[in-house]
Amino acid sequence: MQQLKVIAPGRINLLGEHLDYNHGVVLPAAIDCNIAFEFLENSSGTVRIDALDISENWEFTLTDLPNLNVSGWKSYVKGVFLLLNFEHEWPHSFIGLDIKFKSNIPIGAGLSSSAALCCGLAFGLNALFKLGKTRFELALIAQQTEHQFAGVNCGLMDQVASLFGQKDQLLAFDCLSQEISNFSLPLVGVKLFLIDSKVKHNLAESAYNERRTQLEEAFKKALALFPALKSWRDIEPEQVAILCADLDATSQKRLHYILDEMARVEKVQLLSNKIAKQVTKGKEEKIDDLNSLKAQYQQLGALINETHAGLRDLYEVSCIELDFLQHELLNNPGVLGARMMGGGFGGCLLVLALEQCDPLKDLSHLFKNYTQQFGAQVLCYPIQISEGVHLVKHD
Ligand code: GLA
């Protein structure tokens, strides 16, 4: 009987929020919060799944699966099996399977626990049954699972980050050409960490889909005016002005956010490059030019803050809890930048701070105020940039 162990990580995103389904470039990375899976063939004729950390289990046969009405984590499992075409192509080689999984990715925190679930499951099944799918094909299956089985018309960033992440490297995923590359952002004297607001508002999914539709509709109008346009990436400022005359005020705001964010991503890529070069040069020449590095990190922090403002005022996917934390964080001299991360309406803030900033000490007053005002208690997570979905060697 074959057996496999798989680790599937969650993700952060340095910048490029809501750009994946708008054909921009996004800058995510896989992190060390993950889901650990164990796959073990059995001869039961069924699939038996244990979600260990929530003490739930589920047993189904492949023939029954298409007609089973399920929700929550089970709908993702159903989606992955069906989209891998399990019930049509596999019964001859399939004798039964036990799957156990355990997650330490906080749910609803904007760290893509559902993408990790779909990517890890699809990767494990693909490896165990030698289906021959590439990582990119698995990412597309995981994305389709969200679309068809969870009703979220997400982009492909989370799945690509989970499947292609590399240790200590950020990814630059070009969502138009679908090219994935990696780059390093050395952090000298500064650090990134997450603050989980511990809130998640119900409208998140419908508001997400609504944003996507608004921009798709706007793009149709843009195409009618400028048929040669390939994506928002090549629209000229004069064309934006003409198009805006045809858009309602809300769509105009959405579009401005997307175009601003695309420009910020380019700046962050250049800045990361500059920082990386400077750090390498500093090491070679044994000089620590911390002051000029600090200026670069301050610029990075400023761009992060601009993204938050755009998500709050133009894309309107933030919420009062995140805005409160973000605003108050910036009153702390150790914090260089902070922004909401992921789809929005709750979840985590990504914070860039000086190395010596100790959130639990320096920010404890803010966290107390937050709890008093909103009744929720924040959590802080350090970030370790980790390898994407991978097999774990047997002991
Ligand atoms: C969610 C979606 C992603 C992406 C982000 C926003 O995480 O799943 O595809 O759109 O929101 O950047």
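The structure is a predicted model, in which local features need pLDDT of at least 70 and side-chain atom pairs count only at pLDDT 80 or more, while totals for chains, interfaces and linings use all residues. Residues are numbered from 1 along each chain as its sequence is written, and side-chain values use heavy atoms, with hydrogens and water left out.

**Start of the chain**
- Met-1 lies in the segment before strand S1 (3-13), where strands (E, at least two residues) and helices (H or I, at least four) are DSSP runs numbered from the N terminus.
- Met-1 counts as exposed because its relative accessibility is 63%, the cut-offs being over 50% for exposed, under 20% for buried and partly exposed in between (1.4 Å probe, protein chains only).

**Asp-196**
- Asp-196, which is found in strand S9 (residues 190-200), is buried yet has no salt bridge, and the nearest side chain of opposite charge, Lys-198, is 4.2 Å away.
- A salt bridge needs a side-chain nitrogen of Lys or Arg within 4 Å of a carboxyl oxygen of Asp or Glu; Lys and Arg count as positive and Asp and Glu as negative, while His and the chain ends are not counted.
- Leaving aside neighbours within four places in sequence, Asp-196 is in contact with residues including Pro-106, Gly-347 and Tyr-381, where contact means heavy atoms within 4.5 Å.

**Helix H1**
- Helix H1 (residues 73-83) is mostly covered, with nine of its eleven residues buried, among them Trp-73, Lys-78 and Phe-81.
- Just after H1, Asn-85 takes a positive phi of about 65°.
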